Amino acid sequence: MRTGLLLKPEVILAALLFVLGAGYLMGGLLEGGVELREVELQAPEGRSMRAVEVQLVRFDPAGLEVPSFVTVEVPEDDEAGLYAATLAALRETLVADGVWPQELPAPVVFLPSVGRSSNLVLDFRFADKPSLTVAQERSLLDSIEATLAANGIDSASYLQNGQAARVFLEHLTVRSSL
């Protein structure tokens, strides 16, 4: 009667899976760990650059838009680089105006290619959050979003140090979903 139980297909299959799993586990443990290699990505040399005129939008103390046009140099085939250069130029302008804090660098820009969406991802990387009032933060965020809109970006998502951010810097709620 006991032999009949051991010859059932369910028992044979379970025993076979156990033996295979134990062998796989023991084989993996005997080989040691997986060796990780460092891979350095390098930008291709000799990329052709192009000059592009972009619109920057800042706000005066009364809250009125003050548009200006600047020319930025970007790689020929790098659309995310265009927006990164645009925001770097905006940063220079707003730092001179005292709106963009000196300790806050320009964001790292990603442009995911999902469908026809033109959602830009801005990753603000900083060690310490700059201290801004709500009005200063509003002016900075409005300038960023108005500049992106003037250059063809409908919406942007915000990250802080690579993590989804529910607030822009300290006070204002922003879109963080990708």
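How many bridges join S4 to S5, and do the two strands run parallel or antiparallel? Six bridges join S4 to S5, and the two run parallel. Two strands count as paired here if DSSP finds at least two bridges between them.

Before going on, some ground rules. This is a predicted model, in which local features need pLDDT of at least 70 and side-chain atom pairs count only at pLDDT 80 or more, while totals for chains, interfaces and linings use all residues. Residues are numbered from 1 along each chain as its sequence is written, and side-chain values use heavy atoms, with hydrogens and water left out.

## The overall layout

The protein has four helices and six strands. Read from the N terminus, the elements go α-α-β-β-α-β-β-α-β-β. These elements are DSSP runs numbered from the N terminus: helices are H or I with at least four residues, strands are E with at least two.

Of the 178 residues in the protein, 31% are buried. Buried means under 20% relative accessible area, exposed means over 50%, and partly exposed lies in between (1.4 Å probe, protein chains only). As for contacts with a separation of 6 or more, 54% of them are between residues 24 or more positions apart; a contact means heavy atoms within 4.5 Å.

## The sheet and the hairpin

S4 and S5 belong to an open sheet of four strands, in the order S3-S4-S5-S6, with mixed pairing. At the edges sit S3 and S6 (163-164), each pairing on one side only. Strands of a sheet pair through backbone hydrogen bonds, either parallel or antiparallel. Here are the pairings in this sheet, each with one bridge partner pair:

| Strands | Sense | Bridges | Partners |
|---|---|---|---|
| S3 and S4 | antiparallel | three bridges | phenylalanine 110 and valine 121 |
| S4 and S5 | parallel | six bridges | leucine 120 and alanine 156 |
| S5 and S6 | antiparallel | two bridges | leucine 159 and alanine 164 |

S4 is well wrapped up: six of its six residues are buried. In a regular strand the side chains alternate between the two faces of the sheet. On one side of S4 you'll find Asn119, Val121 and Asp123, on the other Leu120, Leu122 and Phe124, and all are buried.

Then there's the hairpin. Strand S1 (residues 49-59) and strand S2 (residues 65-75) run antiparallel, joined by eleven bridges. Valine 52, for one, stands opposite valine 72 in S2. Five residues lie between the two strands, and in that turn glycine 63 has a positive phi of about 90 degrees.

## The aromatic cluster

Rings of Phe, Tyr and Trp (its six-membered ring) pair if their centres lie within 6.5 Å; planes under 30 degrees apart count as stacked, over 60 as edge-to-face, and the rest as tilted. By this rule there are two aromatic pairs. Tryptophan 100 and phenylalanine 124 make a tilted one, at 6.3 Å centre to centre with 40 degrees between the planes. That pair links distant parts of the chain, 24 residues apart: tryptophan 100 is in the loop between H3 (79-97) and S3 (108-110), and phenylalanine 124 is in S4 (residues 119-124). Tryptophan 100 counts as buried because its relative accessibility is 2%, and phenylalanine 124 does so because its value is 1%.

Phenylalanine 124 also forms a stacked pair with tyrosine 158, at 6.5 Å centre to centre and 15 degrees between the planes. Put together, Trp100, Phe124 and Tyr158 form one aromatic cluster.

## The core and helix H4

A nonpolar core is a set of buried Ala, Val, Leu, Ile, Met, Phe, Trp, Tyr and Cys residues joined through side-chain atoms within 4.5 Å. The largest one has 31 residues, and Leu122, Phe124, Leu140, Ile144 and Leu148 touch the most other members. Two or more residues each come from S1, S2, H3, S4, H4 (134-150) and S5, with H3 giving the largest share, eight residues.

Which residues of H4 are buried? They are Glu137, Ser139, Leu140, Leu141, Ser143, Ile144, Ala146, Thr147 and Leu148. Their cover includes S1, S2, H3, S4 and S5. Isoleucine 144 touches Leu87, Leu90, Trp100, Leu122, Phe124, Tyr158 and Phe168, not counting residues up to four places away in sequence. Just after H4, glycine 152 takes a positive phi of about 95 degrees.
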